[in-house]
Amino acid sequence: MSSSSSSTIKVSLPHLAQVIDHSLLHPTLSDSDLRAGLALARNSSVASACIKPYAVPLARSILAGSPVRICTVVGFPHGSSSASLKITEAAEAITSGATEIDMVINIGKALSGEWHYIEHEIEAVNRLVTAKGAILKVIFENDFLQDEHIIRLCQICTDLDVAFVKTSTGYGFVKQPNGFYSYQGATPHHLKLMRKYAGPKVQIKAAGGVRTLDELLYVLTLGVTRVGASATEAILKEARARGIGDAEIEVEVKVPKGLQDGTY
């Protein structure tokens, strides 16, 4: 980790836990893996457990009586479902017990500049979700987009009173010149751009690439209020090891290695 740039932030262990959506979305996770992950989410008192859609009833059972919210995904991971199907997915998820919905936009439509389609889709899903007492997080999948697309999406979500805008699914792999696939996820450049162009009432969720305590602390200083993470246990363990407990303390925030040039 580089020490060329640093600041401070006031945090506590409960505060850190409450900015984490514990991610349980990998396609290889078995039901036993999901049960273990939900138990971890409950024991850690994170903001939410972000679970596969079919497993929302399982989450409802395991998290019963817990303040941990149930989050699930719609149109995941590529956003290519029809708008009507996304509405149906969201309705079923909420009926099953989800209170937070993370929906992937239609990326091809955004790249095509078909903003009326994007607006209609987000508005329809957000209207359904909020009418049922849940909140919507709109996933942009920034790796596939240019700055102008991200700016326009932030403006649309602001106009539609969306609760959160979210950087990535964690599965938006881009083919590189060498034929291999990779992704950057939540880069500082994109997070700053989203915070600048999303309205003050719209919160920012960073997902994809936040795997350490230093990375979590750093993105919080950029205006992020929620982080999607699969490395929850390691992050909170590291926080405890560094003396972060129930009481709020001031800690140093350093720019983690690799973030100075805008990449993870």
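Angles under 35 degrees count as roughly parallel, over 145 as roughly antiparallel, 65 to 115 as roughly perpendicular, and anything else as oblique. Helices H6 and H7 meet at about 40°, so they are oblique to each other. What we have here is a predicted model, where local features need pLDDT of at least 70 and side-chain atom pairs count only at pLDDT 80 or more, while totals for chains, interfaces and linings use all residues. Numbering starts from 1 along each chain as its sequence is written, and side-chain values use heavy atoms, with hydrogens and water left out.

**The barrel**

- Eight strands close up into a barrel: the order is S2-S3-S4-S5-S6-S7-S10-S11, and the pairing is parallel. Strands here are DSSP runs of E with at least two residues, helices are runs of H or I with at least four, and both are numbered from the N terminus.
- From one strand to the next, the twist averages 25°.
- H2 packs on the sheet and touches strand S2 (20-24) and strand S3 (48-51), with its direction at about 170° to that of S2. Contact means heavy atoms within 4.5 Å; angles run from 0 to 180 degrees between N-to-C directions, and axes are lines fitted to C-alpha atoms, for helices over the stretch in contact.
- As a general point, strands of a sheet pair through backbone hydrogen bonds, either parallel or antiparallel.

- How many of the residues of S6 are buried? Strand S6 (residues 135-139) has 4 of its 5 residues buried, which makes it mostly covered. Buried means under 20% relative accessible area, exposed means over 50%, and partly exposed is in between (1.4 Å probe, protein chains only).
- On one side, S6 runs parallel to strand S5 (residues 100-104), and 5 bridges join them. Two strands count as paired if DSSP finds at least two bridges between them.
- S6 is also parallel to strand S7 (residues 164-166), joined to it by 3 bridges.
- Lysine 137 in S6 has aspartate 102 opposite it, and lysine 137 also stands opposite phenylalanine 164 in S7.
- Valine 138, for its part, is opposite valine 165 in S7.

**H7 and the helices it packs on**

- Two packed helices are described by the angle between their axes and the distance between the axes.
- H6 (residues 115-131) and H7 (residues 147-159) have axes 10 Å apart, and their crossing is right-handed. A crossing is right-handed if the near helix is turned clockwise from the far one by less than a right angle, and left-handed if anticlockwise.
- On the H6 side the contact uses Trp115, Ile118, Glu119 and Ile122, and on the H7 side His149, Arg152, Leu153, Ile156 and Cys157.
- That contact has 6 nonpolar, 1 polar and 2 charged residues. Nonpolar covers Ala, Val, Leu, Ile, Met, Phe, Trp, Tyr, Cys and Pro; charged covers Asp, Glu, Lys and Arg; the others, Gly among them, are polar.
- H7 also packs against helix H8 (residues 188-197): the axes come within 9 Å and cross at roughly 40°, again with a right-handed crossing.
- Here H7 brings Asp147, Ile150, Ile151, Cys154, Gln155 and Thr158, while H8 brings His189, His190, Leu193, Met194 and Tyr197.
- By class, the H7 and H8 contact divides into 6 nonpolar, 4 polar and 1 charged.

- Most residues other than glycine have a negative phi, and most peptide bonds are trans.
- Glutamate 141 is not a glycine, yet its phi is positive at about 65°. Glutamate 141 sits in the loop between S6 and H7 and counts as buried because its relative accessibility is 1%.
- Aspartate 161 also has a positive phi, near 60°, and lies in the loop between H7 and S7. Is aspartate 161 buried or exposed? Aspartate 161 is exposed, since its relative accessible area is 62%.
- Phenylalanine 76 and proline 77 are joined by a cis peptide bond, with omega about 0°. Proline 77 belongs to the loop between strand S4 (69-74) and helix H4 (83-96).

**Two single residues**

- Serine 44 is part of helix H2 (residues 31-44), and counts as buried because its relative accessibility is 14%. Leaving out residues up to four places away in sequence, serine 44 touches Ala17 and Leu236.
- Tyrosine 181 is in strand S9 (residues 181-182). Beyond its neighbours within four places in sequence, tyrosine 181 contacts Phe173, Val174 and Lys175.
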